[in-house]
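Subject: Handover of a structure

Dear colleague,

Please find below the structure that I am passing on to you. My notes on it follow directly after.

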Amino acid sequence: MKIAVIQGPNLNMLGAREQHIYGPMTMDQIHDQMKASGEQSGTELEFFQSNLEGEIVDRIQECMGTVDAILINPAAYSHTSIAITDALNAVGLPVVEVHISNIYKREEFRQKSLTATASTGVVTGFGPFGYHMGLIALTQIVNEVQAANAAQEEAQAQAE
Ligand code: DQA
């Protein structure tokens, strides 16, 4: 199983940026932990970070036919980006949106996520551990999709 991990603007500054909100872990440390747990469950992870909306749209489009699911923290673009929301809807893959902080506990402008409308589910407020939770959820969802597809193929083969 292959999962794309997509990080939005300013998440490359984790560890240095507003530690009282996002904690001390750097993005690379978060990715290292995810890689270790991915290896245990046989999940391959592809990491990507960009501060540019168009690059994130391009990366999401590339996911079609190349990965099984997307784990994304669109960061500030969650609250503004119709383009990223459209791209997530376009590729039709399982998506989990992660926020390190609890966006519902913060400023009003953060309490609405456009991109979440294109996500299977959202994890918000559990710190960097949220990425791990999102990974577990996506692994389960992809396994269920693959099992359902296999059952359908078998039923079709028997009917022929
Ligand atoms: C964030 C929350 C967003 O509102 C903010 O713009 C971020 C990080 C989070 O992970 O908590 O950059 O997505």
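I begin with the contacts of the ligand. In this predicted model, a polar side-chain atom of Ser101 is placed 2.6 Å from an oxygen atom of the ligand. The protein buries 98% of the 320 Å² that the ligand exposes when taken alone.

Arg17 has a polar side-chain atom 3.0 Å from an oxygen atom of the ligand. For Ala76, a backbone N or O atom lies 3.2 Å from an oxygen atom of the ligand.

Ser101, Arg17 and Ala76 are among the residues around the ligand, and the others are Tyr22, Asn73, Ala75, His79, His99, Ile100, Ile103, Arg106 and Arg110. Sorted by class, this shell consists of five nonpolar, four polar and three charged residues.

As to the location of the ligand, it sits in the largest pocket. That pocket holds about 160 Å³ of space. Its lining is made up of 15 residues, and those nearest the centre of the pocket are Arg17, Tyr22, Ala75, Ala76 and Arg110. By class, the lining comprises seven nonpolar, five polar and three charged residues.

Yours sincerely

Conventions:
Residues numbered from 1 in each chain as written. Predicted model: local features only at pLDDT ≥ 70, side-chain atom pairs only at ≥ 80, totals over all residues. Heavy atoms only, no water. Near = heavy atom within 4 Å. Polar contact = N/O pair within 3.5 Å; in protein donor to acceptor, adjacent residues only side chain to side chain. Areas by Shrake-Rupley, 256 points an atom, 1.4 Å probe, with all protein chains shown as cover. 1 Å grid on protein atoms, 1.4 Å probe; cavity = no way out; pocket = protein on both sides within 12 Å on 5 of 7 lines; lining within 4 Å. Sits in = over half its atoms within 2 Å of the grid points. Nonpolar A, V, L, I, M, F, W, Y, C, P; charged D, E, K, R; others polar. Points joined across faces, edges and corners; volume = space filled by probe spheres on them.
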